[in-house]
Amino acid sequence: MTRHSFDEMYAAPEQVREHYKKYAAWLAQQPPDIMAARKEEAEMIFRRVGITFAVYGDKDEEGAGTERLIPFDLIPRVIPADEWTVMEQGLAQRVTALNRFLHDIYHDQEILNAGLVPREQIEGNVQFRKEMLGVDVPGGVYSHIAGVDIVRAPVPGGQGEAQYYVLEDNLRVPSGVSYMLEDRKMMMRLFPSLFTQNRVAPVAHYPDLLLETLRAVSPAHTASPTVVVLTPGMYNSAYFEHAFLAQQMGVELVEGQDLFVKDGFVYMRTTRGPQRVDVIYRRVDDDFLDPSVFRSDSALGCAGLLDVYRKGNVTLCNAIGTGVADDKSIYPYVPKMIEFYLGEKPILHNVPTFMGRNPQDLKYILANLRDLVVKEVHGAGGYGMLVGPASTQAQIEDFRQAVLAKPDGYIAQPTLSLSTCPTYVKNGIAPRHIDLRPFVLSGKTVQTVPGGLTRVALKEGSLVVNSSQGGGTKDTWVLEP
Amino acid sequence: MLSRTADHLFWMSRYTERAENTARMLDVNYQTSLLPQSVAVDQLGWEGMLRISELMTPYRDLHDQLNASDVMHFMVREETNPSSIVCCLKAARENARAVRGALTTEVWETINDTWLDLQRKLKGKEFERDPGKFFEWVKFRSHLSRGVAIGTMLQDEAFRFYRMATFLERADNTARLLDVKFHAVHSDFYGAASQLDQEYDIYHWIAILRSVSAFEVYRKVYRDVIAPERVAELLILRADMPRSLHASLKGVVGNLEQLANQASGETERFAGKLLSELQYGQIDEIMSFGLHTFLTQFLTRINQLGTRISQDFLLPA
């Protein structure tokens, strides 16, 4: 598979792409033992700083707990400025349309009335929250923080040319931004000279933009809103990120037990008594937010929260019910949304997608399982997925049965050969598949720090980049001209 | 500040201090056990240490013998013993991790690094090879995290809770340390088993002084031979002796004043009263009252003070 991939650094063997030339020349001069020492240093620092994530039911190599490092690769992924400019516009366009879509389906449902998106696809979706119907959220923004997964792959049926595709929109509680920030910090610490030689666009102002975004959508009743980050707690896999963002923004990191509702407002319990909370950047899923409405067994949320939210006395970021727009069954309609709401041509491409609910598509899916990637429409994190070319006959048959049993529960896409980037592996440097997750902030305006988080599949040939499945990360450079 | 944050800071601080004091206490016993005293006295020393920490029963559940290496193992690396150094440092680290946003990066990294280092040391059997050096290391890491906190943290509520908890734990630990001897021989002073042991009694007091880094201080203050009454006076009543009960209580009260809220008036009075007794107390009075009885009462009141602080500040209303 690797043979047909687009490599980010090499146009052909020995032929480095223009935007990688400076870096490649630098890399060629680095003694391997120095690079190995740097890699070790990076791991030591990550561990000391506690940049770890928890894997459920696992022990770390010390056998002492469940904290693991996400492998960090020393070779950056470099994006030329002109490519980034287009991508940035495409991201803003896409996320704006998705926010418009969310507002629409929870209000007048024009897009459903126009027949562009089948009504049952929305109303039958478990992520569609009826509680949000008719609720106005500040600025009409639903997904304040969106993580859009982008890959670069050859155009199917093309002459080998590659382009960027949006693989997935993450509009609920996308994570990974702390790795984007820490990877950059690490690179600057390990290789300061690289940053004097290359004009790498900075990313460190992300927490400031985030705070600006959160403050911009506060309820009308206050001029100086109290913002908090709501975490499920220190045993959550992304706890480091929650603590990190709260600290970087200088706001409190709260758990559900710290919050309570009284007289139509949300308060947190402090050593000096209750303090009102205006904006909650929540890193807790919808289902767990309010045990009095959603899952009653949830200890992670705050009873009565939804009620306060519907009254407009607190802002939740992201809003409740955004999951209906990033569902894999809705993904195929995003280009139409862009045209419908914005009257524009989509700048970023969707991957051609076959929907199991569509009889014509279903036939195609079942006949071509071996070549397709089949995804459960509600799956996430690399689970509930079949990568046809990399699967055994038995796995394919299992999926065939599953698809037949519930056709509308699946979509399928051609197996994209994700682009590769040179990466440190056991025996030196080898190409590994990567993706990109830029983080798009929507408040008064739509902003994206240059680049995003590059994830890399460390196993040879693997296309699964998720950290829960052994993926690593790379620093992502947008080179300024 | 969030009540839960205050709670985590409070325990982070207490567990760090407790690990240090456990190391100090173990070190005294370890050094003393190197003296040519009778086996019986040696055993009494370790027994006293377990009793004063209220750990005799859990220890007996795991070990038949009472000897230096088993007790040290139990107090250092036994994971079922919540007061072992491993458990204290782990609890300190877990509490710090829960509020890492309320700490400076340096404080968090210091505490996390201590934990990671400890894993390496235990794996490498460094404690078994050289207990004295290991105890030094625990003390050093505690000094370091305290120094980093004082040197980098904003002096706000979080910092006050952090400091107050240190002093509260220290008051408790110093009182227990002074009482070790009593728990071994059921007498305040000259109750050792034989004539020879009585002569070694003096070494016990010297060891106690050393364990709280007060040996040189003693010489400087009294310019005299080591006498138990003076050791007790130094560690109970001297306001300028950093690990004394008086100094510790002063630390508690000073920070508590800064933290005062609507609910805490009675707790401030309680703490202030305890402090004033140390301020105006005399060692002769305490001795005639009975050192052990005095310390027992003191420990009960420190415990009550901790509970009150919890109720006023830490438990969500």
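## Chain A overall

Buried residues account for 46% of the 481 residues of chain A, a residue being buried if 20 or more other C-beta atoms, placed from the backbone, lie within 10 Å of its own, exposed if 12 or fewer do, and partly exposed in between. The model is predicted: local features need pLDDT of at least 70, side-chain atom pairs count only at pLDDT 80 or more, and totals for chains, interfaces and linings use all residues. Residues are numbered from 1 along each chain as its sequence is written, while chains are lettered from A and ligands numbered from 1 in the order in which they are written.

Chain A contains 14 helices and 25 strands; these are DSSP runs numbered from the N terminus, with at least four residues for helices (H or I) and at least two for strands (E). Chain A has a radius of gyration of 23 Å, close to the 23 Å that the globule rule gives for 481 residues, so it is as compact as a globular protein of that length. The radius is taken over C-alpha atoms, and the rule is 2.2 Å times the number of residues to the power 0.38. The C-alpha trace spans about 70 × 55 × 45 Å along its principal axes. Of the contacts in chain A with a separation of 6 or more, 69% join residues 24 or more positions apart; a contact requires C-beta atoms, placed from the backbone, within 7 Å.

## Parallel sheet of chain A

Four strands of chain A form an open parallel sheet in the order E9-E8-E13-E14, where pairing requires at least two DSSP bridges between two strands. E9 (252–254) and E14 (315–317) are the edge strands, each pairing on one side only. Neighbouring strands are turned by 30° against each other on average, direction ignored.

E8(A), residues 227–230, is joined to E9(A) by 3 bridges, and A:Val228 has A:Glu252 in E9(A) as its bridge partner. Helix H9 of chain A (residues 239–249) lies across E8 and E9, running at about 150° to E9(A). Axes are lines fitted to C-alpha atoms, for helices over the stretch in contact, and angles run from 0 to 180 degrees between N-to-C directions.

## Antiparallel sheet of chain A

A second open sheet has 3 strands in the order E10-E11-E12 of chain A, with antiparallel pairing. E10 and E12 (273–277) stand at the edges with a single partner strand each, so one side of each is left without a neighbour in the sheet.

E10 (residues 259–262) and E11 (residues 265–270) pair over 4 bridges, with A:Lys262 opposite A:Phe265. Their hairpin has 2 residues between the strands, and A:Asp263 takes a positive phi near 50°.

## Nonpolar cores

The largest nonpolar core has 203 residues; among those with the most contacts inside it are A:Val228, A:Ile280, B:Leu9 and B:Phe161. Such a core is a set of buried Ala, Val, Leu, Ile, Met, Phe, Trp, Tyr and Cys residues joined through C-beta atoms within 7 Å. Leaving aside neighbours within four places in sequence, A:Ile280 is in contact with A:Val228, A:Leu230, A:Val314, A:Leu316 and A:Cys317. A second, separate core of 13 residues includes A:Phe354 and A:Phe399.

## Chain B

The contact between the chains takes 20 residues from chain B and 21 residues from chain A. On the side of chain B, helices H1 (3–33), H5 (85–98) and H6 (105–123) give two or more residues, and H6(B) gives the most, with 6 residues.

B:Pro58 is in helix H3 (residues 56–62) of chain B and counts as partly exposed, with 17 C-beta neighbours inside 10 Å. Its C-alpha atom is separated by 7.6 Å from that of B:Asn81, 23 residues apart along the chain.

How values were computed:
Contact = placed C-beta atoms within 7 Å.
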